[in-house]
Amino acid sequence: MLDTIGASTLEDLYSHLPEDVCFHGALNIPAGKSEYEIVDYFRARGLENANSHANFLGAGVYHHYRPVLVDAVVSRGEFLTSYTPYQAEISQGTLTAIFEFQTMICQLTGMDVANASMYDGSTAVPEAAMMAMRITGRDGIAVARTVHPEYREVLGTYTRHQSTLVTEFEYDPESGQVDLESLEQALNETTAAVIIQSPNFFGVVENAKQVAEIAHAKGALLVFVFTEAVSLGLLEPPRDADIVAGELQSFAIAPSYGGPFAGIIACKEKYVRQLPGRLVGETKDANGNRAFCLTLATREQHIRREKATSNICTNQALIALMATVFMALYGKQGLRELAEQNLAKAHYLGERLWRRFNGPYFNEFVAATGVQSPDEINRRLLGFQIVGGLPLDRFYPELRNSVLLCCTEMASRADMDAVAEAFGA
Amino acid sequence: MISKVRPHPTQNESLLFETSSPGKAGYQLPKLDVPPVDARDALGAQNVRQEIPDFPEVSEVDVIRHFTRLSTWNYAIDLGLYPLGSCTMKYNPRVNEAVARTEGLMWIHPYQPDALSQGAFAILAELERALAEITGMDAVTLQPAAGAHGELTGILLVRAALEAQGNARKKVIVPDSAHGTNPASVRMAGYEVVNVASNDRGMLDVEALVRTVDEDIAAIMITNPNTLGVFEEHIAEVARILHSKGALVYMDGANMNALAGISRPGDYGVDLMHLNLHKTFSTPHGGGGPGSGPVAVKKPLEPFLPLPRLQHAPSGWSWNYDRPQSIGRVRAFYGNFGVLVRALAYIMAHGGDGLNRATLDALLNANYLRKLLESHYEIAYHAPSMHECVFRHASNGAIAKRLIDYGFHPYTVSFPLIVHGAMMIEPTETESKQELDLFADALVSIAQEVKENPELVSTAPHSTRTTKVDEVAAARKPILKWTR
Amino acid sequence: MDPENLRYTKEHEWVRVEGDVGIIGITSHAQSELGDIVYVDLPKPGTVIQQGKTIGSVESVKAVSDIYTPVSGEVVEVNGLLTESPETLNKDPYGTGWLVKIKLSDPGEPAKLLTAAEYQAFVGTETS
Ligand SMILES: Cc1ncc(COP(=O)(O)O)c(C=O)c1O
């Protein structure tokens, strides 16, 4: 090969580089390892982490069972090792699966259009906010304090330099739902969007319809956020929202220390041209057979560059495929039954503890720890190989001695009894 | 002479919604070990939904068959050369997939106590160190989810650093050969884009640059090697020019697979850059993602890196949130951890020497292909190629489709935008000479077909289950979901 | 060919004056450069605009092109046909494929634009 090129050594291939850019040293990285050594290294690191603990943490990342079939599908090289399906004729597998994904997200959320995925729920939120600003021509955002605190931080990072004014509004200390008076005060004629999450960060189900009415009366859009996708199996879909931004981690995506997950944005049909991210559409091939391809790409960066609806290019396709397989497996009946199990488990524990808020809750709730500190309780639980709930003062200084607990279908009755006992209930 | 055609036995696979029949299901749940709860009582009747209309009802066998059949309609690296320029479609080692599924890595919650995540911290710290070493930088954030997300993070870092000096400035220079994410990221970070043209060698025009740089310029975003596969020879001088005006140099490091081990941007004036772990470091593209786009910076930018940062104390690793100058969070949690695990596995498998060797092989393969094709296609720029080469042809789109009939995935079509009819070819280091020869033969044969039988080429592909797809109809009357 | 009774711009728009209204479209050359047009974005009636400013865009599958108004004034009508059938722009750019009608605020503007011959000469230099 070198002969063909007309070079005598491999190093000749970059001999044209100026001297001042060449690195002559050796990279300080240990010599290459065998497959066995690599597997062994990661096994050892895994053992340094919590292993086979029961887990009552939620807060945006949920321990749900992952059906075996999910990895069987996503491990197929044809899905795993293909690129973005720009060449439709040899990407019909990925394109068809994305079309099914978009359809199921619409069915779940009650929206007309859904994109092929965003990085995660937290980045979907600012993208949805910017979308609302483009649609309304306004530059204010009102966000509920019950939206995931880290999502709100990301919203702040993204919008800080866009002359956007982000206002937060309060929750009702009794119900844990949006405080409607505080919401009204946060709104004015520059508000592009009201952002709420349901179930919210406290696990409480919001009254999206009411919030939508208030937002719409002021000419603002409602952006509805979800972090626990399983709730959509049971809860009324956010039909009154204009844009839905969510996280699909609950759909057979492993917690994996926080990523990779898959976010989505879905919206009403009339807003589709402001939607960020990829879209797959149905069409025909030259023989008149049904076929799919990426479409409405003029919204995207590779065509519209600085005027694009977003800079997103690589998304979370394979992770969205996990969610697609999950939705297909559980289906109409399974998703509901799964959601009902979550509801039952959370209420089994929730009704035994002193809950901070009296609004309806799905599979998470805030429990008061009484005279004990959350740390004391969690330390005790660790002794039983149980990871307890999230102490909330980290994000809400006013909520001292409060923990956010989550019970999915994986929470056993025995472990929940142990948690109740640790709380002194 | 079509040599790699595969027949498709599964011509008529329906959509899930069409195979659904009431009552079918592919799931199993354990028997509930607590009393059931009436949803309408617990949540309020108005909060409980009716059944989800048209949601699938299929069996487990239906599901595995459906997705397996769909998979056979895809091309993939596992099937052959995938020469998409700028995308670095190299082999994705399966050991990476295996280790990412290690029980103690896959099932850890981001909010579990730091003491229970020490193994994860060790992995992140090791990867940060390795990436800093490879780029010649001082600090790395692993948070960004993809290249474009890294770009946004990077430009926000530029803004924060300049703001700390009193003036964030207004504009960022982006060469016209840049990837579309570059200008889009600049805009999202609140800067104006200043486009500069490349010179006749396909490189940054230094004189034009000198005229462009003034006190309003915050930074330049420079891709190196650029999207023509050409090393920006004057990058050190460009850095001096920018620095002399108080501006910063951001490098789009998507093409770092051409440099790892032979050139370190941190050594010649680059202030910050992102890497695409889903390119250079072999994590799979998965049909469009997930990726990971770490940002590496020089010391002065370190205080501004996104929250949180790794910190080490005698008691072990933990997350540091106490960083007043930080740009804040760019996403929830700590990055695409599962992707980061795969990238570290790749680095460990190669070691320093191996990374160097992979780079040289990438250059070898690209230059070999260039040589084989140069007498049949017009090279866009004569400057020496690094890891990819760009040809031009008026029928670049049709030739790409015809390549499919020869069993190959097409090259990148019509990018970079500055080359009319661009054919951007990146073979990567993991291809054998045999595969490269087959590919070159295919392109040479198509060059002939274009002259002798243009109709055959313009109506390609002919061998696929799906023939040419009507993208115009798709865009004119968008159908974005299935309906009954 | 480009009709004689229209005036043209270097951005490839045309205007035909009927009374105090200018009818605006894009040239045949522009539509053929873009290829199959899939979407047309037009301003709302009532919009007041200055000569040379963008009034919308036309899109093919892989490109977007801004439309700059050749005349100043108020948009009085937009071509609704293009929403349903954007391909009209490819088929009949000088007739049923018109984009907007603008009530001229400066009736002197059109006369200062390119004639058909000047436009053809310009296109010739641009493509050679
Ligand atoms: C040169 C270059 N820059 C940036 C990107 C964007 O990276 P990503 O797709 O991971 O966002 C890409 C690839 O898509 C690229 O090739």
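Q: How many residues of domain 1 of chain A are in contact with domain 2 of chain A?

A: Contact just means heavy atoms within 4.5 Å. Here, 32 residues of domain 1 of chain A touch 33 residues of domain 2 of chain A. Before we go on: this is a predicted model, where local features need pLDDT of at least 70 and side-chain atom pairs count only at pLDDT 80 or more, while totals for chains, interfaces and linings use all residues. Residues are numbered from 1 along each chain as its sequence is written, chains are lettered from A and ligands numbered from 1 in the order in which they are written, and side-chain values use heavy atoms, with hydrogens and water left out.

Q: Where do the two domains of chain A run?

A: Domain bounds come from an automatic or database domain assignment. For chain A it gives domain 1 as 54-65 + 332-422 and domain 2 as 69-325. Their centres, taken over C-alpha atoms, are 27 Å apart.

Q: How much area do domain 1 and domain 2 of chain A bury between them?

A: Buried area is the accessible area (1.4 Å probe) that two parts lose on being put together, summed over both. For these two domains of chain A that's about 2,600 Å², with 64% of it on carbon and sulfur atoms. On the domain 1 side, A:Phe357, A:Phe362 and A:Tyr396 lose the most area to domain 2, together 25% of what that side buries.

Q: How many salt bridges cross between domain 1 and domain 2 of chain A?

A: A salt bridge is a side-chain nitrogen of Lys or Arg within 4 Å of a carboxyl oxygen of Asp or Glu. The rule finds two across this domain interface. Elsewhere in your reading, look for A:Glu150 and A:Arg394, which form a salt bridge with their closest N and O atoms 4.0 Å apart.

Q: Which residue of chain B does A:Glu150 meet in a salt bridge?

A: That's B:Arg329, at 3.0 Å, N to O. A:Glu150 lies in helix H7 (residues 149-159) of chain A and B:Arg329 in the loop between strand E9 (316-320) and helix H11 (337-374) of chain B, so the pair joins two chains. Helices (H or I, at least four residues) and strands (E, at least two) are DSSP runs, numbered from the N terminus.

Q: Are A:Glu150 and B:Arg329 buried or exposed?

A: Buried means under 20% relative accessible area, exposed over 50%, and partly exposed in between (1.4 Å probe, protein chains only). Both A:Glu150 and B:Arg329 are buried.

Q: How many residues of chain B are in contact with chain A?

A: Apply the contact idea to whole chains: 189 residues of chain B touch 180 residues of chain A. Together the chains bury about 15,900 Å², 64% of it on carbon and sulfur atoms. Nine salt bridges cross this interface. A:Lys332 and B:Glu51 form a salt bridge as well, with their closest N and O atoms 3.0 Å apart. On the side of chain B that touches chain A, H11(B) gives the largest share, 23 residues.
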